[in-house]
Amino acid sequence: MTDTDTKNNPFFTDWTQSSEYHTSKHNTTESVNLGIPPFHLIQEEHYIPAIEHGIKLHLAEIEKIANTKAKPTFANTIAEIEDSGRFLSRVLGVFHNLEVSNPSEKLHEISNEISTMLSKHGSKISMNPKIFE
């Protein structure tokens, strides 16, 4: 992945920045952390690089879990697996919501492309013998 792939891609930015709003009840300005995706900045070409990056991150997390030297427990195996892949989940959450609420031919093409990627990704995790030893 190049800097060009990530530089202007909103999936690689922090969505937890605070937004200020005015409350008339107390006549004050308050700051709230909404964590809302910047939908107005997301373009169709942003999805594939972000999903590819998310898959790489997720697989690295899974490998770390699989290669731990500690005795496997629910907390250090199952819970860790369930908690992994947050970046990928964030990207896919936005993609699938927009695909349904604002469909386009390009989003449909992306959906077809990523379904193969995600199927292979899921197989790499579920077929990892170290996880199930």
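Let's start with His121, which touches Ile55, His58, Leu59 and Leu88, leaving aside residues up to four places away in sequence. Touching, or contact, means heavy atoms within 4.5 Å. Before we go on: this is a predicted model, where local features need pLDDT of at least 70, side-chain atom pairs count only at pLDDT 80 or more, and totals for chains, interfaces and linings use all residues. Residues are numbered from 1 along each chain as its sequence is written, and side-chain values use heavy atoms, with hydrogens and water left out.

Where does His121 sit? It is found in helix H5. Helices here are DSSP runs of H or I with at least four residues, strands are runs of E with at least two, and both are numbered from the N terminus. Is His121 buried or exposed? His121 has a relative accessible area of 6%, so it counts as buried. The cut-offs are these: buried is under 20% relative accessible area, exposed is over 50%, and partly exposed is in between, using a 1.4 Å probe and protein chains only.

Helix H5 covers residues 105–126, which makes 22 residues, and spans 32 Å from its first C-alpha to its last, close to the 32 Å expected at 1.5 Å a residue. That expected span is 1.5 Å times one less than the number of residues. Besides His121, the buried residues of H5 include Leu107, Ile110, Ser111, Ile114, Met117 and Ile125. What covers them? The cover includes helix H2 (47–66) and helix H4 (86–101).

So let's turn to those two helices. H2 has 20 residues and reaches 28 Å from its first C-alpha to its last, close to the 28 Å expected. Its buried residues include Ile48, Pro49, Ile62, Ile65 and Ala66. In general, two packed helices are described by the angle between their axes and the distance between the axes. H2 and H4 pack at an angle of about 145 degrees, with their axes 8 Å apart. The axes are lines fitted to C-alpha atoms, for helices over the stretch in contact, and angles run from 0 to 180 degrees between N-to-C directions.

Which residues meet there? On the H2 side, they include Tyr47, Ala50, Ile51 and His58, and on the H4 side, Phe87, Leu88, Val91 and Phe95 are among them. The residues of this contact divide into twelve nonpolar, three polar and no charged. Here Ala, Val, Leu, Ile, Met, Phe, Trp, Tyr, Cys and Pro count as nonpolar, Asp, Glu, Lys and Arg as charged, and the others, Gly among them, as polar.

Next, the aromatic rings. The structure holds three aromatic pairs. Rings of Phe, Tyr and Trp (its six-membered ring) pair if their centres lie within 6.5 Å; planes under 30 degrees apart are stacked, over 60 edge-to-face, and the rest tilted. Phe11 and Tyr47 have ring centres 5.4 Å apart and planes at 50 degrees, so this pair is tilted. Phe11 lies in the loop between helix H1 (3–7) and strand E1 (18–23), 36 residues from Tyr47 in helix H2. Tyr47 and Phe95 have ring centres 5.0 Å apart and planes at 75 degrees, so that pair is edge-to-face. It links H2 to H4 across 48 residues of the chain. Phe11, Tyr47 and Phe95 form one aromatic cluster. Tyr47 is buried at 2% relative accessible area, and Phe95 is buried at 0%.
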